[in-house]
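The model is predicted.

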Amino acid sequence: MKEYVTSDLHFGHKNIIKYENRPFDSVENMDKSIIENWNKTVNDDDLVYILGDFSWYKGEETNKILNQLKGKKILIIGNHDKNFLKDNNFDKTLFEEITNYKEIKYNKTKIIMFHYPIIDWNGKYQGSFLLYGHVHSIVNEDTKYMEKLEEKYNCLNVGIDVHKRLLSLEEILCKKKDI
């Protein structure tokens with residue numbers, strides 16, 4: 001079993017194509033491409049941590065997307081996930097867990113997962129990793145600050161707009177500087 005992480009997929013979000021200069025002419029093509037790329041990477045027994053902003057769709061359409069994606073999924077809630085989370089038609093059992101914040105141990109390393117970039121986290125000075133999303137690839141004062149923090153400490157924006165793919169926890173820990 002492999003473990004992966006990503007954030008800010010924004011299924012069903014038309015404007016994200018323009019905001020992030022995603023190479024798609026429609027939401028349908030974007031959704032299809034993300035699903036195909038996900039399924040080329042992830043196997044059925046793998047685990048994927050999604051650090052928020054998974055879908056702009058309501059419950060039923062989000063259920064359809066989740067049912068097409070391989071692997072087990074854990075959602076760390078983002079600011080745009082309320083559209084489907086509050087919908088009574090959404091099947092919460094499609095996620096192994098839904099939480100605001102997650103700490104795990106992976107190969108003896110503490111990994112902190114949160115949708116938002118934060119300046120300090122549990123174990124920051126003891127080698128733990130902070131994985132976050134939210135800021136996409138937009139260059140502004142916040143992202144410039146986080147880039148400086150990433151150079152000095154173990155933190156990484158795992159957003160799909162930054163890396164164009166899901167990242168494995170193994171590669172993050174082994175090759176953080178090469179990502």
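## Serine 55

The side chain of serine 55 makes a polar contact with the side chain of threonine 62, at 2.8 Å. The serine 55 side chain also reaches a backbone atom, the nitrogen of tyrosine 57, at 3.0 Å.

Serine 55 sits in the loop between β2 and α3. Its relative accessibility is 0%, and the cut-off for a buried residue is under 20%, so serine 55 counts as buried. Leaving aside residues up to four places away in sequence, serine 55 touches Phe11, Thr62, His80, Asp81 and Phe84.

## Nonpolar cores

The largest nonpolar core has 26 residues, and those with the most contacts inside it are Phe11, Trp38, Phe54 and Phe95. Two or more residues each come from α1 (14-19), α2 (27-41), β2 (47-50), α3 (59-68) and α4 (82-85). The element that gives the most to this core is α2, with 5 residues.

Tryptophan 38 touches Thr6, Leu9, Val48, Ile50, Leu69, Lys70, Lys73 and Leu166, again not counting residues up to four places away in sequence.

## The four-stranded sheet

An open sheet is formed by 4 strands in the order β5-β6-β7-β8, with mixed pairing. Strands β5 (101-106) and β8 (155-157) stand at the edges; each has a single partner strand, so one side of each is left without a neighbour in the sheet. From one strand to the next, the twist averages 20°.

## Pairing around β6

β5 and β6 pair in the antiparallel sense over 6 bridges. Isoleucine 104 has isoleucine 111 in β6 as its bridge partner. The hairpin of β5 and β6 has 2 residues between the strands, and asparagine 107 in this hairpin takes a positive phi near 50°.

Strand β6 (residues 109-114) runs parallel to strand β7 (residues 129-132), and 3 bridges join them. Isoleucine 111 stands opposite phenylalanine 129 in β7, while methionine 113 has leucine 131 in β7 as its bridge partner.

How values were computed: Residues are numbered from 1 along each chain as its sequence is written. This is a predicted model: local features need pLDDT of at least 70, side-chain atom pairs count only at pLDDT 80 or more; totals for chains, interfaces and linings use all residues. Side-chain values use heavy atoms; hydrogens and water are left out. Two strands pair if DSSP finds at least two bridges between them. Axes are lines fitted to C-alpha atoms, for helices over the stretch in contact, and angles run from 0 to 180 degrees between N-to-C directions. A nonpolar core is a set of buried Ala, Val, Leu, Ile, Met, Phe, Trp, Tyr and Cys residues joined through side-chain atoms within 4.5 Å. Buried means under 20% relative accessible area, exposed over 50%, partly exposed in between (1.4 Å probe, protein chains only). Contact means heavy atoms within 4.5 Å. A polar contact is a pair of N or O atoms within 3.5 Å; within protein, one must be able to donate a hydrogen and the other to accept it, and residues adjacent in sequence count only if both atoms are side-chain atoms.
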